[in-house]
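Thanks for taking a look at this one with me. Below are some numbered notes to read alongside the model.

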Amino acid sequence: MNKLLQQIVDDLDKFLAIFPNDIKNRLEQDPDIKDLIEVVLDLGREIEARFYKKTVIFEGRFTTEEDLNYIIARVGEFSGDKRAGIERTLHRISAIENRHGRIIGLTCRVGRAVLGTVDIIRDVIETGKNILLLGKPGVGKTTLLRETARVLADELGKRVIIIDTSNEIGGDGDIPHPAIGRARRMQVPNPSKQHDVMIEAVENHMPEVIVIDEIGTELEAKAARTIAERGVQLIGTAHGITLQNLLLNPTLSDLVGGIQVVTLSDEEAKRRGTQKTVLERKAPPTFQVVIEIQERDRLAIHHDVAKTVDALLRGYIIKPEIRVRTPEGEVKKVEAPTIEPVEEEEEVSVFGKPEKIEKRTEPLRIFPYGISRNRLEKAIRNLGVPAFVVKNISEANCLLILKAHQKRAKDLLKEAEKKGIKIAVLRSNTVTQIERFLSEEFGIAISSKSDAEEEALREAQEGIEYVLTHDEPYELSPQPAYIRRLQHQLIQQYGLHSESVGVEPFRKVRIYPSH
């Protein structure tokens, strides 16, 4: 990839001008002033200046009410989300109020437009696909979003509209900052109206591209899907750090397709070699591409979100493409996408710690003794597992023996032990017992009562919603072990904790909040 030229526009002089002179002078004298991120002022506490690689405490300089009033008088009006700005800059001033509505703290954040950074994903945005940017606060999501809007409008000639909820993309005031180029900007009167403005933009102004920062509610996620279905390219950010993290968020998981519980037919379950009740993607993802901003100069790109989510739900991980920007300004692809199987599933024990369920990756060659060959073959077909019946112990890697025949087969057992062959003992010669053995061997859950499974998973879903809403534990009804395993898997998809409690046959799952 080509080297890129970055140009930083930060209007730092306008930012420093809002502070009382002694604070302004101390900031200007810092040798790392160009790396300033934000200044924090809390009433009665020492002032704090945060930089990229350090934090400076103004020892002995406590924030006064006069300091707060001085700054408030020099910034724009605070909106419903407690944010204000400085006219025609990208700086953001956020307020902390007491319970009477009086401002007692300010976070003054430097806004920077970094021109040239979009080259690291330019080939991706030119595809016309919907792109979602993820990353922790302060990693540069909004900066990259702003530059993307400018390039799409100025260099690619697209009709771009920015939905600017807190004026963080286009800056404060009615005239947007030059950093967004010819892209148009629609302001949002109140954060709760963001989804309405998104739809208004599409219906009234015929954009080819909608750019939006911080999709955070279910209504905004639905508005994003509506826009995507109308053929408008969407580029936005959301609360989340990774694709997997977003998938576990019940409010925003729809952005990447969502999760639903599906009961498979017998044939499909056999074909997949899995249980009848599985987790699947609910719908096509709103965003076809997800870009995780791991660091300012390191990105992970999921080029096919649908494929990645499907793989995750089926026990595989598709590692994203990794791109980095070197200190010399060169952009490189350092890792190509790869697919890796997940070799273990987890079920939570009564102690709350994972119990690892090993999944066999090689075929099982079974020599049966006292076990009906026909029943064994039927069980293998029912589960669709890679197991085979062999005629000689020398060909086997597993000896399956009926408990009642152990005494008469001492020589056979010794031979199996000597050759390192796995020995499995069944209590009865039934298809059910054989299926139970195979399911444990291959790390899958079996099902013969799909209605019971569906009811148990519906109850788990209700419990999940209760815990997410009330932030307190919830107990489910007693279930067999394999159904509890399904419930644990579903609960983990939502980022909650769970454990199995009680004694059989009354053992059940208890769900806990994530913290």
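Is Asp471 buried, partly exposed or exposed? Point 6 comes back to this.

1. Ground rules. This is a predicted model, in which local features need pLDDT of at least 70 and side-chain atom pairs count only at pLDDT 80 or more, while totals for chains, interfaces and linings use all residues. Residues are numbered from 1 along each chain as its sequence is written, and side-chain values use heavy atoms, with hydrogens and water left out.

2. Confidence. The chain has a mean pLDDT (the predictor's confidence in each residue, from 0 to 100) of 85, and 89% of its residues reach 70 or more. Helix α3 (residues 65–72) has the highest confidence, at 97, and strand β22 (residues 344–348) the lowest, at a mean of 37. Please read residues 341–358 with care: pLDDT stays under 50 there, although the model has 53 contacts for them beyond four places in sequence. A contact means heavy atoms within 4.5 Å.

3. Overall fold. There are 15 helices and 30 strands in the chain; these are DSSP runs numbered from the N terminus, helices being H or I of at least four residues and strands E of at least two. Of the contacts with a separation of 6 or more, 59% are between residues 24 or more positions apart.

4. Cores. The largest nonpolar core has 46 residues, and Ile163, Ile210 and Leu255 touch the most other members. Such a core is a set of buried Ala, Val, Leu, Ile, Met, Phe, Trp, Tyr and Cys residues joined through side-chain atoms within 4.5 Å. A second, separate core has 28 residues, including Ile120, Ile125, Leu133 and Val139. Leaving out residues up to four places away in sequence, Ile210 has among its contacts Ile161, Ile163, Val232 and Ile235.

5. Arg150, in helix α5, is buried, with a relative accessible area of 15%. Beyond four places in sequence, Arg150 touches Leu115, Glu155, Ala179, Ile180 and Gly181. In helix α13 (residues 431–441), the buried residues include Ile434, Phe437, Leu438 and Glu441. An α-helix has 3.6 residues a turn, so residues three or four places apart point the same way. Just after α13, Gly443 takes a positive phi of about 65°.

6. Most residues other than glycine have a negative phi. Lys82, not a glycine, has a positive phi of about 65°; Lys82 is in the loop between α3 and β5 (83–85) and is partly exposed, at 34% relative accessible area. Asp471 has a positive phi near 60° and sits in the loop between α14 (450–470) and β28 (474–475). To settle the opening question, Asp471 is partly exposed, with a relative accessible area of 44%.

7. Second largest pocket. Its lining has 43 residues, with Tyr52, Gly138, Gly140, Thr143 and Arg296 nearest the centre. Helix α5 gives the most to the lining of this pocket, with 5 residues. A pocket is an open set of points on a 1 Å grid over the protein atoms alone, with protein on both sides within 12 Å along at least five of seven lines, and lining residues have an atom within 4 Å of a point.

Notes. On a 1 Å grid over the protein atoms alone, a cavity is a set of points where a 1.4 Å probe fits but cannot get out, and a pocket is an open set with protein on both sides within 12 Å along at least five of seven lines; lining residues have an atom within 4 Å of a point. Buried means under 20% relative accessible area, exposed over 50%, partly exposed in between (1.4 Å probe, protein chains only).
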